[in-house]
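I opened my notebook to look up a few things in this model, starting with its aromatic residues. Here is what I wrote down, entry by entry.

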Amino acid sequence: MMCLNVAFHIALSENLCRGCFFSVFQEIYLRTNDPRVCNIVSFSDAIGELKVEAAASIEDGKRILFRFDRAAFSFKFLPFKVPYPVPFRLLGDEAKGWLDTTYLSSSGNLHISKGNKGTTFVLQKQTEPRQRLLTAISSGKGIKEAIDELISLKQNIGQEPELEDGEWQMMWNSQTVTDSWIENAVNGLMGKQIQ
């Protein structure tokens with residue numbers, strides 16, 4: 001069976017999410033007593049999320065059959081969920097669907113599926129701190145927080161890795177204001193560093 005109990009994040013293109021204040025992801029839980037597919041829109045850590053859930057089953061080892069049956073908002077500022085008013089039972093076949101797994105990477109980190117309405121989903125398992133840092137650098141947002149997270153995880157491990165010899169591609173830098181034109185020129189090159 002290709003699908004496991006994992007949360008996948010929909011990989012949205014940079015152009016679609018530029019300036020967005022939300023993320024969209026999907027949770028797939030198939031090896032439980034209550035198999036589910038959940039589509040989630042997370043508005044922010046301060047606001048909350050909308051979770052639309054569907055009962056799920058497997059067909060032919062690759063196809064996930066689902067029927068949406070409940071949805072609710074979970075706001076951080078409320079101690080209870082607010083039902084999302086969709087009459088799923090009245091929707092009949094419109095509340096049903098399927099997802100075919102068309103690709104699953106050997107590492108299991110990347111998943112591509114096609115839905116019954118022709119939509120193709122590219123999903124990535126919840127990202128590691130290293131990947132979050134690279135994403136933050138490419139978007140220009142949340143870089144300091146991603147760096148702090150990665151550093152705090154390294155400090156918890158306790159073992160100091162050794163710096164490898166070779167060329168290192170500069171990905172991002174931060175500089176305090178300086179009057180030195182040479183420092184500004186060198187730091188602005190974003191080139192390679194040889195150790």
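**Entry 1: aromatic pairs.** I then looked up F73 and Y84, which form an edge-to-face aromatic pair with 5.6 Å from centre to centre and 75° between the planes. My rule for pairs: rings of Phe, Tyr and Trp (its six-membered ring) count if their centres lie within 6.5 Å, and planes under 30 degrees apart are stacked, over 60 edge-to-face and the rest tilted. F73 lies in strand β5 and Y84 in the loop between β6 (81–83) and α2, so this pair ties together parts that are 11 residues apart in sequence. Helices (H or I, at least four residues) and strands (E, at least two) are DSSP runs numbered from the N terminus.

Y84 is partly exposed, at a relative accessible area of 33%. I also noted one aromatic cluster formed by F73, F75, F77 and Y84.

How many aromatic pairs does the rule give? The count comes to 5. One of them is F68 with F88: the ring centres are 6.3 Å apart and the planes lie at 25°, so I logged the pair as stacked. With F68 in strand β5 (residues 63–75) and F88 in helix α2 (residues 88–91), the pair ties together parts that are 20 residues apart in sequence.

**Entry 2: how to read my notes.** This is a predicted model, so I kept in mind that local features need pLDDT of at least 70 and side-chain atom pairs count only at pLDDT 80 or more, while totals for chains, interfaces and linings use all residues. Residues are numbered from 1 along each chain as its sequence is written, and side-chain values use heavy atoms, with hydrogens and water left out.

**Entry 3: the whole chain.** I found 5 helices and 11 strands in the protein chain. Buried residues make up 23% of its 195 residues.

**Entry 4: S42 and G48.** S42 is in strand β3 (residues 36–44) and is buried, with a relative accessible area of 15%. Leaving out residues up to four places away in sequence, S42 touches F21, F22, S23, F25, G48 and E49 (contact means heavy atoms within 4.5 Å). I followed that list to G48, in strand β4 (residues 48–59). G48 is buried too, at 3% relative accessible area. G48 and F22 are 26 residues apart in sequence, and 9.7 Å apart in space from C-alpha to C-alpha.

Entry 5: Where is K114? I found K114 in strand β8 (residues 110–115), partly exposed at 38% relative accessibility. Not counting residues up to four places away in sequence, K114 touches W98, L99, D100, T102, T119 and T120. The C-alpha atoms of K114 and Y103 are separated by 9.6 Å, and the two residues are 11 apart along the chain. Y103 itself lies in strand β7 (residues 96–104) and counts as partly exposed at 40% relative accessibility.

Methods
Buried < 20%, exposed > 50% of the residue type's maximum accessible area, 1.4 Å probe, protein only.
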